[in-house]
Amino acid sequence: MRKAALHNLGCKVNAYETEAMQQLLEDAGYEIVAFTQKADVYVVNTCSVTNIADRKSRQMLHRARRNNPQAVIVAAGCYVQAKDANVLEEGIADIVLGNNKKEHLIPAITEYLNTHMPVREREALEDKAAYEPLSISRTQQHTRAFMKVQDGCNQFCSYCIIPYTRGRVRSRQPQEVLEEAARLAQNGCREIVLTGIHLSSYGVDHGAPYGEGLLRLLAQVHEVAGIKRIRLGSLEPGIITETFAQALAGMEKVCPHFHLSLQSGCDTVLKRMNRKYTADVYEQKCQILRRCFSRPAITTDVIVGFPGETEEEFIKTEQFLETISFYEMHIFKYSRRKGTKAASMDCQVPDSVKAQRSARLIGLGEKMSKAFRESFIGDTVYVLLEEPFVYLGKRYEAGYTQEYVKVAVESDKSRTNTIVRGKITGYLTQDVYIMVEF
């Protein structure tokens, strides 16, 4: 049996697409092996969101070639979609699959094996591009599945290359989403995470007002039998209104766990970034969520060292983050991306300053995350159990609350993929809470 190995870089959308490509390979008769093993085909789903992502993409392609010089090397995704990614000419890969071309994986491999000539499946992603019909029927995690429902972005933030590598907003047809959710539920999946490159824009390309398309889709997914929980991927602040949040609160399967993109807490920096809100508006959106949900987990992304960011602007962001008090923050050092407006801006911030500011915010994030998690001690919660583990000679099963707080319950039998109720009593390990079950 032919063997294939896959490696994913980047976002949850990429993770979904990698699972879809894996299932294409499985359906074609390939045995899936670890990326470190010798395989006949290696697929690297690349990322280009930062310079580091570019470098890692190239490194993994080189690693695949070293693993088996005779293997077919497939480079897919954002890095090879970028204009300067000439991996075929450089001999790093045998097949290039740009975004919107990953469904062609098996025919491309067949063509290469027949001709031994490089295969290039890449096109400019313009307004006319259609939504790529990738899908999955099962997930490696079993309990939780990422489900891509949207692709592309129309925002053009000044630092971001993604609108150029992913194209304009494209939404998946609701019926396809519902059919996939039903298949996943039938195969044991209990939690769905709706993801997209710009999830908040779901449906706008089909004529739905901003926010309404996503709400309608959620209401439909909410009715799928077997799905017990629904989470949302990253949202833009503009989608959060009283109407939107109240509608979510009325759907019992929707978890009160919201990733609300921020990037900076300083208005002058937000303006240079071409973000379409102010810090005050963002704070109002968080207040709406906290009015509609008793204790929502609000997480975010922050970029430090954006061009021209002064110490005063950074301190404004730092103070704003403390004011909001997030559950988790993903801190990124600004990465200069060729082809974006920010790349040509004056006053690029030195790497040493970025590193110092990043460390400060990471420390702040750890403190806020600990405070949020500890606020649940003594509370009764529902936990979807995901995996067993042994600690100090005792068997436990770990899972997550609706707010995505990790909890463990002592168990002498397998109850993976079931929801249990209990009171959080304190720490088991530094990051895992012990729960006494009722």
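Select Glu212 first: its relative accessibility is 41%, so this residue counts as partly exposed. The model is a predicted one.

**A network of charged side chains**

Next, select Glu17, Lys102, Lys148, Asp151, Arg166 and Arg170 together. Salt bridges with shared partners connect these residues into one network. Within that selection, zoom in on Arg170 and Asp151, whose closest N and O atoms are 3.3 Å apart in a salt bridge. This pair links distant parts of the chain: Arg170 belongs to strand E8 (residues 170-171) and Asp151 to strand E7 (residues 144-151), 19 residues apart.

Are these two partners buried or exposed? Arg170 has 3% relative accessibility and therefore counts as buried. Asp151 has a relative accessible area of 1%, so Asp151 is buried too. The cut-off for buried is under 20%.

**From helix H2 to a loop**

Move to Arg58 and Glu90. Their side chains meet in a salt bridge with an N to O distance of 2.8 Å. Here too the pair links distant parts of the chain, 32 residues apart. Arg58 sits in helix H2 (residues 51-67), while Glu90 sits in the loop between helix H3 (78-81) and strand E5 (95-97). Colouring by accessibility puts Arg58 at 27%, which means partly exposed. Glu90 has a relative accessible area of 44% and is likewise partly exposed.

How many salt bridges does a search of the whole structure find? The total is 31.

**Two helices side by side**

Last, show helix H11 (residues 311-324) and helix H12 (residues 351-374). Their axes come within 11 Å and cross at roughly 10 degrees. Angles under 35 degrees count as roughly parallel, so H11 is roughly parallel to H12.

- on the H11 side, Glu311, Phe314, Ile315, Glu318, Leu321 and Glu322;
- on the H12 side, Arg357, Arg360, Leu361, Leu364, Lys367 and Met368.

Colour the selection by residue class. The contact of H11 with H12 comprises six nonpolar and six charged residues, with no polar ones.

Terms used: Residues are numbered from 1 along each chain as its sequence is written. This is a predicted model: local features need pLDDT of at least 70, side-chain atom pairs count only at pLDDT 80 or more; totals for chains, interfaces and linings use all residues. Side-chain values use heavy atoms; hydrogens and water are left out. Axes are lines fitted to C-alpha atoms, for helices over the stretch in contact, and angles run from 0 to 180 degrees between N-to-C directions. Helices (H or I, at least four residues) and strands (E, at least two) are DSSP runs, numbered from the N terminus. Angles under 35 degrees count as roughly parallel, over 145 as roughly antiparallel, 65 to 115 as roughly perpendicular and the rest as oblique. Contact means heavy atoms within 4.5 Å. Ala, Val, Leu, Ile, Met, Phe, Trp, Tyr, Cys and Pro count as nonpolar, Asp, Glu, Lys and Arg as charged, and the others, Gly among them, as polar. A salt bridge is a side-chain nitrogen of Lys or Arg within 4 Å of a carboxyl oxygen of Asp or Glu. Buried means under 20% relative accessible area, exposed over 50%, partly exposed in between (1.4 Å probe, protein chains only).
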